[in-house]
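Please go through the report below with the sequence and the coordinates at hand. The sections cover helices, the sheet, the ligand shell and some individual residues.

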Amino acid sequence: MKSAWILRIERISPNDGKGLRTVVFFKGCPLRCKWCAAPESQKMKPESCLRAGRAGIFGKEMTTAQVMKEIRKDEIFFYHSQGGVTLSGGDVLCQADFARELLMECKESEIHTMAELDMYGDFENVRKLLPWLDGFYADVKMMDSTLHKKWTGVGNESILENIKKAALICPPNTISIRVPLIWDINDGRENIQATARYCEELKSCRELEFLPYHRLGLSAYESLGREYELKHLPAMSFADAYEKVKLLKKMDLSFPVKISGKVI
Ligand code: SF4
């Protein structure tokens, strides 16, 4: 039985796939997005923090059986809402063997499975998970690799290539592309259009969803004693995001475009 570094498990989440979901957040991520709302997930090992004056720890090691025990507590919600389990992060692919074992156990129990994947690195890690996923979200943060490296610490070549490879294997409507929309970083007309054209090339694209910039991670930076470099940016409203992506309505795309779950 495998074990992994887990940040937390959230129950009854309505936003991470169909129905109500139990979301397992993994620790560890090779990217360092400047807007990251979960800095406590970036390092693989547990991290000390100070929350409301109290010392705490982000993350712990858990076995597959321990995580499955938590998941099974929610089976009644899955049954009534057609929900299931979503693996998220951090980066799930950093601990792909554990993720695979967990997904296999879920499928044996007929639990619907999804994942939020950054798609960075070796495609073999993606390939390990695909047979056990009913669908997944893939992050495409921006199309220009030089800018991607500037804002996330890594180029985007493996990400774009891995999504294309997965699209060739997956059944139609399996892959949802998600774009965190950040002021003056990836919200320009050119990047938004290029992202849509890229999605159009994928045969398995289910939807293209934009997630407007928010500041919910601020307190996590404070509790870790880390500086948040984008603290000058205001949150982006639905209306702000709509103004930026409405140009896609003229592109006659074969998949729906969404902002925070709402089709535009
Ligand atoms: S990929 Fe996600 S978890 Fe990793 S640094 Fe970027 S926003 Fe944070």
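What covers the buried residues of α6? The cover includes α4 (123-129), β8 (135-139) and β9 (175-181), contact being counted when the C-beta atoms of two residues, placed from the backbone, lie within 7 Å.

## Basis of the values

The model is predicted: local features need pLDDT of at least 70, side-chain atom pairs count only at pLDDT 80 or more, and totals for chains, interfaces and linings use all residues. Residues are numbered from 1 along each chain as its sequence is written.

Helices (H or I, at least four residues) and strands (E, at least two) are DSSP runs, numbered from the N terminus. A residue is buried if 20 or more other C-beta atoms lie within 10 Å of its own, exposed if 12 or fewer, and partly exposed in between, with C-beta atoms placed from the backbone.

Helix α6 spans residues 157-169, 13 residues in total. From its first C-alpha to its last it reaches 19 Å, close to the 18 Å expected at 1.5 Å a residue; the expected span is 1.5 Å times one less than the number of residues. I159, N162, I163 and A166 are the buried residues named in α6. They cover an arc of only 100° around the axis, which puts them on the same side of α6; the arc is that of the directions from the helix axis to the C-beta atoms. E157, E161 and L168 are exposed on the other side of α6.

In helix α9 (residues 238-245), the buried residues are A241, K244 and V245. Their arc around the axis is only 85°, which puts them on the same side of α9. A239 and E243, on the other side of α9, are exposed. The buried residues of α9 are covered by elements including β9, α7 (189-201), β10 (205-212) and β11 (257-259).

## The sheet

Ten strands form an open sheet with mixed pairing, in the order β5-β1-β2-β6-β7-β8-β9-β10-β11-β12. Strands β5 (60-63) and β12 (262-263) stand at the edges with a single partner strand each, so one side of each is left without a neighbour in the sheet. Two strands pair if DSSP finds at least two bridges between them.

Strand β1 (residues 3-13) runs antiparallel to β5 and is joined to β5 by four bridges. A4 stands opposite M62 in β5. I12 also belongs to β1. Phi of I12 is near 55°, a positive value in a residue other than glycine. I12 counts as partly exposed, with 13 C-beta neighbours inside 10 Å.

## The ligand shell

Which residues are around the ligand? They are C29, L31, R32, C33, C36, A38, S41, Q42, G89, G90, D91 and D118, a residue being near a molecule if its C-beta atom, placed from the backbone, lies within 6 Å of it. By class, the shell has five nonpolar, four polar and three charged residues. Ala, Val, Leu, Ile, Met, Phe, Trp, Tyr, Cys and Pro count as nonpolar, Asp, Glu, Lys and Arg as charged, and the others, Gly among them, as polar.

G89 lies in the loop between β6 (84-88) and α3 (96-108), and is buried, with 25 other C-beta atoms within 10 Å. G89 and F26 are 63 residues apart along the chain, while their C-alpha atoms are separated by 4.5 Å. Beyond four places in sequence, G89 is in contact with F25, F26, C29, S41 and E116. The peptide bond from G89 to G90 is cis, with omega near 10°. G90 is likewise found in the loop between β6 and α3.

C36 lies in the loop between β2 (21-26) and β3 (47-51). C36 is buried, with 20 other C-beta atoms within 10 Å. Leaving aside neighbours within four places in sequence, C36 is in contact with Q42 and G217. The C-alpha atoms of C36 and P180, 144 residues apart along the chain, are separated by 9.7 Å.

L130 lies in the loop between α4 and β8 and counts as partly exposed, with 16 C-beta neighbours inside 10 Å. Not counting residues up to four places away in sequence, L130 touches A166, I169 and C170.

N173 lies in the loop between α6 and β9. Phi of N173 is near 65°, a positive value in a residue other than glycine. N173 counts as partly exposed, with 13 C-beta neighbours inside 10 Å.
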